[in-house]
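Keep the structure open beside you as you read.

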Amino acid sequence: MPTFKLDGQEIPFEPGDTIIRAAWKKGVEIPHYCWHPGLSIAANCRMCLVEIKSARPMALPILAWDEKKKDYVETTKNKLQPACQMEVTEGMEVVSKGAAVEKAQASVQEFLLLNHPVDCPICDQAGECKLQDYWLAHQKKLKRKDTEPVHKPKAVRFGPTIVYDAERCIMCTRCIRFCDEVVGDHVLDMRERGNKNEICVSPGRELDHAYTLMTEHVCPVGALTSKDFRFKARVWFLRSAPGVCNGCATGCNTWVDYDPRYQRVYRLRPRDNEEVNKFWMCDAGMMTYKRFHEDRILTGRVRQEGRVVEVPRDVSIEAASKVLEKSQRLAVVFSAQHTNEDNFVLGKLGREHLGGTALYLAALSPESVPGGWKGDAILRHPDPNPNRAGATAVAGGELRSTADLAADIAAGKIDAILSLGWAAGESVEQLANLANVPHVNLSSNIGPLTQVATVVVPVATTAEASGTFVNAKGMAQQFQRAVNAPLGIKSAWETLIEIGKRVGREIAFAKLPEVRAAMPATTSAVAAAS
């Protein structure tokens, strides 16, 4: 692979790479605002100016102060080039840290902050703002401008999810280019000129497509903020764990941002993966973090005389074991919302140890998702389940639906159910038959399956346990636990092993790697692991 020199360091590049892209691939950051690896080149912020040493320099006439003459004199300086726009050639020598470059970067930084309100203490971007980062790295000086700054609109509602502050905006146009180039919706544009320009929404429109939160994510400063995240947490208190979105079968890679003090997840952000989601996520996927805390089941539930009674977890496990040890014709219901590890141990207990031969899959349908679900040609897969492929694979083949299970119960083919997860494609009314036989359900949230169960045992969410999903392309992707499960609650596979012990069926897995080692190779692959 050909190389070029950046500040004396050999950097490999591919044909067509610009200086900044080749450096980014190598993990070297050249300061920038408007450049983004997933968007076209605008070259309008001028923060990435570098000096090309290997080519014949273009001299710019300037006036420089001459200390001896005590006057300005005419001289020249090398013209700096934008690294985002300049294509690399083999043997090129580039300087991004010399005196001329650093002076240019400091000047750009000062220019961008000329009318900026510098309201970092109340800005949600504080702590992850490039204006802050680069001021510390390239300026470190107070404003020289002592006149009133230009004031612009603040807290402008762009749509149901995004708020715009024009005074913080540096006009990098990333948000406009994202809507145009990724979503194909020219809903944002720029109006006015000079220090009065601002981003605007097309007349009669709102920023309301399926990827609005990405406009906030690509904003390098605090101009666009998410209504959901505003004023909820300071980013320097947050930690991040690699995750996989559970919103659909695409399996977008995520960062799960959580506060370790409260063991609470505050947001999901896209984690770059060129093969799966590139740099993006959809709004619905980013909001799936709410399932980690809303409608949670934190205690056991046992149905007694038609009423649901909350009981300690141990009592629910004991009740579950009594149901399962009496079963003769057990139905085992796998879950397209749970991990391969959970589904694999479910199969071990239900099929191998308890003799269940009727196998089903509980999965959301597009109609059963609140507000409905539609796929698109960008990221949103038509299947709103993250692990249909994985659950089917660990079960050993195609599975029948929960609607089929309801029909089999009506036909008297089933005398007990062991099910995993809360999600189903049918309503509670459509699954009413499942309440006619003893039904053990392991779930983290309230859903149709929990409402027709005889015994509900609480288990951890996907933010509280490590696991593996297989996406629609067949890629097995591992994710890591972000927060601790509530006291006493364990992952579904650990809970299933505990229930197995109560019914005298020993499943010899003590740790997650042991479960993965026993799983089919295609469902535990770590090639795309987090």
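## A look around the model

Thr 215 has a relative accessible area of 0%, so it counts as buried. Keep in mind that this is a predicted model. Thr 215 sits in helix H5, which covers residues 212-218. The side chain of Thr 215 reaches back to the backbone oxygen of Thr 212, at 2.5 Å. Leaving out neighbours within four places in sequence, Thr 215 is in contact with Ile 162, Cys 175, Phe 178, Cys 179, Leu 188, Leu 207 and Leu 224.

Now hop over to Arg 313, in helix H7 (residues 313-326). Is this arginine buried or exposed? Arg 313 is buried, because its relative accessible area is 13% and the cut-off for buried is under 20%. A polar atom of the Arg 313 side chain lies 3.3 Å from the backbone oxygen of Gly 488. Gly 488 also turns up among the contacts of Arg 313 beyond four places in sequence, along with Gly 300, Pro 458, Ile 489, Lys 490, Thr 495 and Glu 498.

Leu 431 is a loop residue, placed between strand E21 (416-420) and strand E22 (439-443). With a relative accessibility of 0%, Leu 431 counts as buried. Which residues does Leu 431 touch, once those up to four places away in sequence are set aside? They are Thr 402, Ala 424, Glu 426, Pro 448, Leu 449 and Val 452. Val 345 is another matter: 86 residues separate Leu 431 and Val 345 along the chain, and their C-alpha atoms are 25 Å apart.

| Residue | Relative accessibility | Class |
|---|---|---|
| Thr 215 | 0% | buried |
| Arg 313 | 13% | buried |
| Leu 431 | 0% | buried |
| Thr 173 | 13% | buried |
| Lys 278 | 43% | partly exposed |

Those last two rows deserve a look at the backbone. Thr 173 is not a glycine, yet has a positive phi of about 70°. You'll find Thr 173 in the loop between strand E9 (162-164) and helix H4 (174-183). Lys 278, also not a glycine, has a positive phi of about 55°, and belongs to the loop between E15 and helix H6 (283-286).

On to the strands. E13, E14 and E15 make up an open, antiparallel sheet of three strands, in that order. Its edges are strand E13 (239-244) and strand E15 (264-270), each of which pairs on one side only. On average, neighbouring strands in this sheet are turned by 30° against each other, ignoring direction. E13 pairs with strand E14 (residues 253-259) over six bridges, and Ser 240 has Asp 257 in E14 as its bridge partner.

Leu 6 stands opposite Gln 9 in E2. Two residues separate E1 and E2 in this hairpin, and Asp 7 in the turn has a positive phi of about 50°.

The largest cavity has a volume of about 220 Å³. It is lined by 19 residues, and the closest to its centre are Gln 337, Ser 444, Ala 460, Thr 461 and Thr 462.

Definitions and conventions
Residues are numbered from 1 along each chain as its sequence is written. This is a predicted model: local features need pLDDT of at least 70, side-chain atom pairs count only at pLDDT 80 or more; totals for chains, interfaces and linings use all residues. Side-chain values use heavy atoms; hydrogens and water are left out. Helices (H or I, at least four residues) and strands (E, at least two) are DSSP runs, numbered from the N terminus. Buried means under 20% relative accessible area, exposed over 50%, partly exposed in between (1.4 Å probe, protein chains only). Contact means heavy atoms within 4.5 Å. Two strands pair if DSSP finds at least two bridges between them. Axes are lines fitted to C-alpha atoms, for helices over the stretch in contact, and angles run from 0 to 180 degrees between N-to-C directions. A polar contact is a pair of N or O atoms within 3.5 Å; within protein, one must be able to donate a hydrogen and the other to accept it, and residues adjacent in sequence count only if both atoms are side-chain atoms. On a 1 Å grid over the protein atoms alone, a cavity is a set of points where a 1.4 Å probe fits but cannot get out, and a pocket is an open set with protein on both sides within 12 Å along at least five of seven lines; lining residues have an atom within 4 Å of a point. Grid points are joined across faces, edges and corners, and a volume is the space filled by probe spheres set on the points.
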